[in-house]
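Please look over the model first.

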Amino acid sequence: MKDLNEYKRELSQAGQFIKQHDNYLIVSHVNPDGDTISSSLTMALLLRFLGKSFTLVNEDPIPDKFNFLPLSDQILSISEIKNTFSHVITVDVADQKRMGMISPLLTDDVEILNIDHHPTNDRFGHLNVILPTAAATCEIMYDLVKELNIPLSQDLASCIYTGLLTDTGGFRYTNTSPKVMRIAAELLEYGVSPGEIAEIALETISKNHISVLQIALSHLQVIENGFIAWTYLKANELPQDVTSDDTEGIVNYTRNIEGVEVGIFFKEVKGNVFKISLRSKKYVDVGAIAKAYHGGGHARASGFTFYGDLEEVLQQLIDAIKQSEGWKYLENKSN
């Protein structure tokens, strides 16, 4: 567990970095989700309060459902930005690859402040604020707001709350700590509408999502005595206008089956290139498995990209899962 004093030092150093410089590039991870979007917008609001200039960027489009968040319309694609930056702040980005192809936007002497909660983060920044026990990067952003003595507002509260809500699965996952609930309760005092945000961020789904979910469920298989469930979507099965948001959450259907410990979802983005999502319930550290394939994430939720045959990587994953300490414990427990 990270030493609290070390974390406070990192927060203090991040605060000094923010106060000392200007003209920041704020980077959130590719295929953006609720936490990375909310964290980047919290950072933008924080910088705006301090009178700093900033540019928000993401390699991929922001899901429409997050358009309700303040400043979401200011998140630009890489091609829209023509200048370069010597001071960069990354939020919820576990490694440099997750920043996307932003290298043309960086000066040779660039300094990076890396703020993240993934235990697999490789500390690629010149300054790093990493708290693996945080439920979401927005939890760290809340601490940074407090570190800089910035008063909470409805806009700030809505962003932080959305990040906490989405990365805890509506405050249902095991990362929902007493601290998270205390923060959420405080944020409600600033006009956050919990029902409205939950409806938009968690409940509303697209017609494309229903279409691809039907296909994915038709492929679903439960194997290894009911402990592993997996499914897939091939590129030629996807509608032309499908987005990454349309396939979000499909992996949860595999993990949520009674008795299943590990759920796996393969999405082919093009010929023999698969985005692989891993989820586990209690025992298997899927973050460690993803890291072995140059991916990352958390012990219960992770992912990576694989170049090759679906059956090949499936067998490799089954072998890796069965070699994990969590699986061995599960087998002994079941015998």
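## Salt bridges and a helix pair

At 23% relative accessibility, Lys65 counts as partly exposed. Its partner in a salt bridge is Asp245, with the closest N and O atoms 3.7 Å apart. Asp245 is also partly exposed, at 22% relative accessibility. The model is predicted. The pair links distant parts of the chain, 180 residues apart. Lys65 sits in the loop between strand E2 (54-57) and strand E3 (75-76). Asp245 sits in the loop between strand E8 (228-233) and helix H8 (250-255).

The structure holds 8 salt bridges. Three of them are listed here.

| Pair | Closest N to O | Separation in sequence |
|---|---|---|
| Lys322 and Glu224 | 3.3 Å | 98 residues |

Is Glu139 buried or exposed? Glu139 is buried, with a relative accessible area of 3%. Lys179 is partly exposed at 26%. Asp143 joins Glu139 and Lys179 in a network of salt bridges.

Lys322 belongs to helix H10 (residues 310-323), and Glu224 to the loop between strand E7 (221-223) and E8. Lys322 is partly exposed at 33% relative accessibility. Glu224 is partly exposed at 27%.

Now the helix pair. The axes of H2 (residues 34-49) and H4 (residues 154-167) come within 8 Å and cross at roughly 160°. H2 and H4 are therefore roughly antiparallel. Their crossing is left-handed. Contacting residues include Leu41 and Leu45 in H2, and Leu156 and Ile160 in H4. The contact divides into 6 nonpolar, 6 polar and 4 charged residues.

Conventions:
Residues are numbered from 1 along each chain as its sequence is written. This is a predicted model: local features need pLDDT of at least 70, side-chain atom pairs count only at pLDDT 80 or more; totals for chains, interfaces and linings use all residues. Side-chain values use heavy atoms; hydrogens and water are left out. Axes are lines fitted to C-alpha atoms, for helices over the stretch in contact, and angles run from 0 to 180 degrees between N-to-C directions. Helices (H or I, at least four residues) and strands (E, at least two) are DSSP runs, numbered from the N terminus. Angles under 35 degrees count as roughly parallel, over 145 as roughly antiparallel, 65 to 115 as roughly perpendicular and the rest as oblique. A crossing is left-handed if the near helix is turned anticlockwise from the far one by less than a right angle, and right-handed if clockwise. Contact means heavy atoms within 4.5 Å. Ala, Val, Leu, Ile, Met, Phe, Trp, Tyr, Cys and Pro count as nonpolar, Asp, Glu, Lys and Arg as charged, and the others, Gly among them, as polar. A salt bridge is a side-chain nitrogen of Lys or Arg within 4 Å of a carboxyl oxygen of Asp or Glu. Buried means under 20% relative accessible area, exposed over 50%, partly exposed in between (1.4 Å probe, protein chains only).
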